[in-house]
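Please look at the model shown below, together with its sequence. The report that follows takes up a loop residue, a helix and the surroundings of a ligand.

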Amino acid sequence: MDFCNITIEYIKEEDIDAVLKIERSSFSTPWSREMFFCELTDHPFSYLYVAKNNKGRILGYICYWLVFDEMNILNLAVDEEFRQKGLGSALLKFVLEDGADRGAQTVHLEVRHSNRAAIELYEKFGFRQAAVRKNYYENPEEDALLMALDDISVYRRKERCLKAG
Ligand SMILES: CC(C)(COP(=O)(O)OP(=O)(O)OC[C@H]1O[C@@H](n2cnc3c(N)ncnc32)[C@H](O)[C@@H]1OP(=O)(O)O)[C@@H](O)C(=O)NCCC(=O)NCCS
């Protein structure tokens, strides 16, 4: 994937339809339109970014909350057609830099115990498995791994090919 043709920018209301399409094909209990809208409008500590190609197509998105110096990644998905090309990594790197710039020091997230792709991705970025939350997910019921990145400071924003919108 040519990352010089990918832009990561803050979500706009008109992006929600495309994001919902990816969300519904990625998760068994997807976020609703209202949930995305709420992140966009109601939460001053919420940051929701989309990755677009040079034709304006949304290829993936990521959402995090920053409360004081603690960042929590709530959602991340890449359009199935564009997976395993580095975009999930690019989105994660972008928000780790963004969060570090805004004063985050630690990062947490939950992931399904069986979600090998996501767990491997997070481990590549230095996340460790910090705890298990029993029966955290439904449909199907499953434990969550709580993953933690204890020191985000290595992710200070540097020069990169991706353009921030
Ligand atoms: C998890 C997800 C975001 C990864 O996005 P992606 O663009 O495919 O990720 P990348 O191409 O950047 O891959 C980075 C690393 O993740 C791991 N990975 C990605 N897909 C994988 C797969 N199918 N199986 C095993 N490892 C995988 C690999 O370690 C990979 O590194 P490598 O390319 O050197 O092997 C994507 O699979 C997805 O949208 N899944 C559905 C939604 C989801 O589960 N979100 C996470 C919720 S916690």
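Does Asp79 count as buried or exposed? With a relative accessibility of 15%, Asp79 counts as buried, where buried means under 20% relative accessible area, exposed over 50% and partly exposed in between (1.4 Å probe, protein chains only). This is a predicted model, in which local features need pLDDT of at least 70 and side-chain atom pairs count only at pLDDT 80 or more, while totals for chains, interfaces and linings use all residues. Residues are numbered from 1 along each chain as its sequence is written, and side-chain values use heavy atoms, with hydrogens and water left out.

Asp79 sits in the loop between strand S4 (70-78) and helix H3; helices (H or I, at least four residues) and strands (E, at least two) are DSSP runs, numbered from the N terminus. Apart from neighbours within four places in sequence, Asp79 is in contact (heavy atoms within 4.5 Å) with Ile22, Arg57, Ile58 and Leu59.

Twelve of the 15 residues of H3 are buried, so this helix is largely enclosed by the rest of the structure; among them are Leu91, Phe94, Glu97 and Asp98. After H3 comes Gly103, with a positive phi near 105 degrees.

| Residue | Part of residue | Distance to a ligand oxygen atom |
|---|---|---|
| Gln84 | backbone | 2.7 Å |
| Gly86 | backbone | 2.8 Å |
| Glu120 | side chain | 3.3 Å |

Taken alone, the ligand exposes 920 Å², of which the protein buries 75% (accessible areas by the Shrake-Rupley method with a 1.4 Å probe; for residues, only the protein chains shown count as cover).

Technical notes:
Polar contact = N/O pair within 3.5 Å; in protein donor to acceptor, adjacent residues only side chain to side chain.
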